[in-house]
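Please look through the model below before reading the points that follow. They are grouped by residue and by element.

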Amino acid sequence: MKVIAMASSKGGVGKSTLAAALAVHAANDGNTVLLIDLDPQQSTRAWWSRAGGPTNPQLVGGVPLTSEAQKRIERFDIRADYLIVDLPGSMVQVIEDAVNAADAIALVSQASPKDLEGQAALEGIVDKLGRRVAVLYVLNRVDKRSKLGMEAQMLLASRSTRLPVSITESVSYVRADTSGKTAPEIDKAAAEEIAVLWKALKGIANDSREAEPANRLVQEPGGRAEAAKPEGRRGVRSDRLAKQGT
Ligand SMILES: Nc1ncnc2c1ncn2[C@@H]1O[C@H](COP(=O)(O)OP(=O)(O)OP(=O)(O)O)[C@@H](O)[C@H]1O
Ligand SMILES: [Mg+2]
């Protein structure tokens, strides 16, 4: 199972919105997907409930850390292809644990110099843990009529060799959420951009551990680098994982 973390140092940048959209897209793409909401605001849990509590993506509840979720999933012998982690904007211990566990980290920001500067704390954690290799910058709420998106891409050129992925500012993301849906389910343009984002994150998730120095892999035995074999679309029984506080 590959872990994909949605992270930012700033709140309100779209982590939860994109986590839900990616989870639904990945499930529709034939993967078994788990979703975990580590933000005390629990907005992803609320969205999942509005969506009718699907079994794919299945919510993992009652665990405060990504590493604990991984243990719980293993203990229940649940086979999933991806675990998508929605993180809070603060709470360093929760973020560090997720960054350490993640095979791919979406570093979500809005496209302004100030917003990008605001990611310094998270970038510090990423660098401390040697996880830069797993990072994809995601510029959210990009206004296509403005040059800010392009300027942000240029600013990021010195921080990453990967091209950032841009997601446009669209009312579909807001509207879909209120009815327990995600923007790609109601808007073709959103479906196209989330497909691009998923492809990029999936690519990193399936390569990043292998791209790291060998000593890191030796320090962390237990097969985190090995790929789970997709077995077509199937859900995970909801009562086993979704409960809070179990
Ligand atoms: N691409 C987008 N276009 C328009 N609105 C968006 C887009 N992405 C997110 N939003 C809106 O921005 C607001 C914040 O999004 P969201 O709650 O996903 O951010 P967050 O990073 O998870 O916030 P927090 O740090 O508080 O958990 C929401 O109202 C959401 O609907
Ligand atoms: Mg959130």
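**Notes on the model**

1. Aspartate 37 is found in strand 2 (residues 33-37); helices (H or I, at least four residues) and strands (E, at least two) are DSSP runs, numbered from the N terminus. The structure is a predicted model, in which local features need pLDDT of at least 70, side-chain atom pairs count only at pLDDT 80 or more, and totals for chains, interfaces and linings use all residues. Residues are numbered from 1 along each chain as its sequence is written, while chains are lettered from A and ligands numbered from 1 in the order in which they are written.

2. Is aspartate 37 buried or exposed? Aspartate 37 is buried, because 25 other C-beta atoms lie within 10 Å. The cut-offs are 20 or more other C-beta atoms within 10 Å of its own for a buried residue, 12 or fewer for an exposed one, and partly exposed in between, with C-beta atoms placed from the backbone. Apart from neighbours within four places in sequence, aspartate 37 is in contact with Gln42, Thr44, Arg45, Leu59 and Asp86; contact means that the C-beta atoms of two residues, placed from the backbone, lie within 7 Å. Between the C-alpha atoms of aspartate 37 and valine 60 there are 7.6 Å, and along the chain the two are 23 residues apart.

3. On the whole chain: the protein chain has 13 helices and seven strands. Of its 246 residues, 45% count as buried. Taking contacts between residues at least 6 apart in sequence, 79% join residues at least 24 apart.

4. The largest nonpolar core has 70 residues, and Ala5, Ala7, Val85 and Ala106 have the most contacts inside it. Helix 1 gives the largest share of this core, nine residues. A nonpolar core is here a set of buried Ala, Val, Leu, Ile, Met, Phe, Trp, Tyr and Cys residues joined through C-beta atoms within 7 Å. In soluble globular proteins, nonpolar side chains tend to be buried together. Setting aside residues up to four places away in sequence, valine 85 touches Val3, Ile4, Ala5, Met6, Ile36, Leu38, Thr66, Ala98 and Ala102.

5. Ligand 1 has 20 residues around it, of which Gly11, Gly14, Lys15, Ser16 and Thr17 come nearest. A residue is near a molecule if its C-beta atom, placed from the backbone, lies within 6 Å of it. At least two residues of the shell come from each of helix 1 (15-28), strand 6 (135-142) and helix 8 (171-178). By class, the shell around ligand 1 divides into four nonpolar, 11 polar and five charged residues. Ala, Val, Leu, Ile, Met, Phe, Trp, Tyr, Cys and Pro count as nonpolar, Asp, Glu, Lys and Arg as charged, and the others, Gly among them, as polar.

6. Leucine 139 lies in strand 6. Leucine 139 is buried, since there are 26 other C-beta atoms within 10 Å. Residues up to four places away in sequence not counted, leucine 139 touches Ser109, Ala111, Gly149, Ala152, Pro164 and Ser166. With alanine 111, 28 residues apart along the chain, the C-alpha separation is 5.6 Å.

7. Helix 3 and helix 4 pack with their axes 7 Å apart and at an angle of about 55°, which means that helix 3 is oblique to helix 4. The contact is made by Thr66, Ser67 and Gln70 of helix 3 and by Asp97, Ala98 and Ala101 of helix 4. Axes are lines fitted to C-alpha atoms, for helices over the stretch in contact, and angles run from 0 to 180 degrees between N-to-C directions. Angles under 35 degrees count as roughly parallel, over 145 as roughly antiparallel, 65 to 115 as roughly perpendicular and the rest as oblique.

8. Backbone points to check. Most residues other than glycine have a negative phi, and most peptide bonds are trans. A cis peptide bond, with omega about 5°, joins asparagine 56 and proline 57; proline 57 is in the loop between helix 2 (43-50) and strand 3 (58-60). Aspartate 77 has a positive phi, near 55°, and lies in the loop between helix 3 (66-75) and strand 4 (82-86). Methionine 91 also has a positive phi, near 70°, and is in the loop between strand 4 and helix 4 (92-101).
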